[in-house]
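Thanks for coming, everyone. Let me put the model on the screen and walk through a handful of local features.

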Amino acid sequence: MAYERKEISIESIRRQEDICREIYDSFVSQKNRPLAMVDTYGCQQNEADSEKLRGYLAEMGYGFTQDEFEADVIVVNTCAVREHAEMRVLGNVGQLNHSKKQHPDQIIAVCGCMVQQEHMVEKIKKSYPVVDLVFGPHELWRFPELLLKTMTSHKRVFAAEKSDGAVAEGMPLKRDSSVKAWLSIMYGCNNFCTYCIVPYVRGREKSRKPGDILTEFRGLVEAGYKEITLLGQNVNSYGKGLEEQIDFSDLLNLLCTVPGDYHIRFMTSHPKDASHKLIDTIAAQPKLCKHLHLPVQCGSDRLLQQMNRHYTIEQYLELIEYARKTVPGITFSSDIIIGFPGETESEAMETVALVEKVRFDALFTFIFSPRPGTPAAKMDDPVPREEKQRWFDRLCAVQNGISEELHRQYVGQTLRCLVDGESDDARWPLTARTAGGRLVHCTGDRAALGEYRDVKITDSNTWALFGTIE
């Protein structure tokens, strides 16, 4: 299969930078700095996209607020993976009527995956007049141009045409954290799982050049970032379509040559493309977190075929077994869908049995949500929601019991953790993460923030560990 890779020219990106300066200059005479709010929904890739939106807004001269009544520009970055996320977005966008009535010149933009769907664009056009600007993920690189057009034309602007998109390098970034960073290594997806809208809204796979990734990665390490998460819809497909002969394991080995005190995580890893080479790389490289997020989706071979996943449960379990044998102490997490069209109770219980066999450290569990435009949305789905909920509750109860038991085994151990934040709980004022991704609520000196420290684990529950920084 041929993979076509397109790239936005550096001249086009510089033109956007010129527009940023033009907008910045227009604010010079104002006494108060204009404010922007970026509201993000969905996955880590959306979070990374919002960092680019904030980067552009900062270059335009905007400060930032989380109060919609203070904001001159509000950007809502949306998700399309489940119906619940879309309904939540639309409800919150509708509520922005209140801030716009108080601030009539306020510009409201809606972007991201949700608005790459034609029916959602039409819905916003007809039912949400409060929205001034709509653009899909493929148009993010020209956000300044679209915002200026909205400002100067005083008309609604829509830019969400169908496209596979292109790689755009050199956009500014404003990151939320100075400790942990997202780093996108590729965009889009070629898998076309029958339940998933992502390939339709994000386009086909496009890998960034390894040299561009290495440059950004080295900059993050030099800036003091301690944990860098590589992002892609299927990181195991990295490298297809590039002139260089490189795969994901090769890229990991390349990045690990950068000196510094840091760890690398990555997601998401598709089981059909996860290889022994990848697992061997995790074992060999001390800077790679000994954790593998490997979405299985269900425990039934028949359903996996219906989902277009291209692996069997036997193949999945072989990967898990090889990883456990090769990487001592490795932890696993996964995604699971309950109630896929045509799923029976016995098949749902196959999934529960798989969870009991693998003993995941954590699960991200969902009840099937039909996405318009996907094959699964057209499949016969006779099982009532109440029955699916019963299966779902059984799955969650089993996983919660496993997580609680696994967490108890940490009590008494001392673990090297990244102290990454503060909490609102005075009893446990700091938060940290183990190399395996477990959340730890800590006591200790705030001076530990942003550093790797040994933490003595003193207690646990289903969702977290508790400890003291030594």
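Before going on, the ground rules. This is a predicted model, where local features need pLDDT of at least 70, side-chain atom pairs count only at pLDDT 80 or more, and totals for chains, interfaces and linings use all residues. Residues are numbered from 1 along each chain as its sequence is written, and side-chain values use heavy atoms, with hydrogens and water left out. Helices (H or I, at least four residues) and strands (E, at least two) are DSSP runs, numbered from the N terminus.

Now α2 itself. How much of α2 is buried? The count is 12 of the 16 residues, so the helix is largely enclosed by the rest of the structure. Buried here means under 20% relative accessible area, exposed over 50%, and partly exposed in between, with a 1.4 Å probe and protein chains only. Among the buried residues of α2 are Asp49, Glu51, Lys52 and Arg54.

Next, the loop between β11 (263–267) and α10 (276–284), where His270 lies. His270 counts as buried, at 6% relative accessibility. What is in contact with His270, leaving aside neighbours within four places in sequence? Asn191, Cys193, Asn234, Asn236, Leu294, Arg309 and Tyr311. Contact means heavy atoms within 4.5 Å. Thr268 also has its place in the loop between β11 and α10. The peptide bond from Met267 to Thr268 is cis, with omega near 5°.

On to α10 and its partner α9, residues 248–255. They pack at about 15°, axes 9 Å apart. Axes are lines fitted to C-alpha atoms, for helices over the stretch in contact, and angles run from 0 to 180 degrees between N-to-C directions. α9 and α10 are therefore roughly parallel to each other; the cut-offs are under 35 degrees for roughly parallel, over 145 for roughly antiparallel, 65 to 115 for roughly perpendicular, and oblique for the rest. Which residues make the contact? From α9, Phe248, Ser249, Asp250, Leu252 and Asn253; from α10, Lys277, Leu278 and Thr281.

Two more backbone points. Most residues other than glycine have a negative phi. His154 is not a glycine, yet its phi is positive, about 55°. His154 is found in the loop between α6 (143–153) and β6 (157–159), and is exposed at 71% relative accessible area. Arg359, also not a glycine, has a positive phi of about 60°. Its loop runs between α13 (345–358) and β14 (362–367). Arg359 is partly exposed, at 26%.

Last, two loop residues. Trp463 sits in the loop between β18 (452–460) and β19 (465–469). Is Trp463 buried or exposed? Exposed, with a relative accessible area of 62%. Not counting residues up to four places away in sequence, Trp463 touches Asn400, His407 and Leu439. Gln409 lies in the loop between α14 (385–408) and β15 (414–422). Gln409 is partly exposed, at 48%. Gln409 and Leu140 are 269 residues apart in sequence and 45 Å apart in space, C-alpha to C-alpha.
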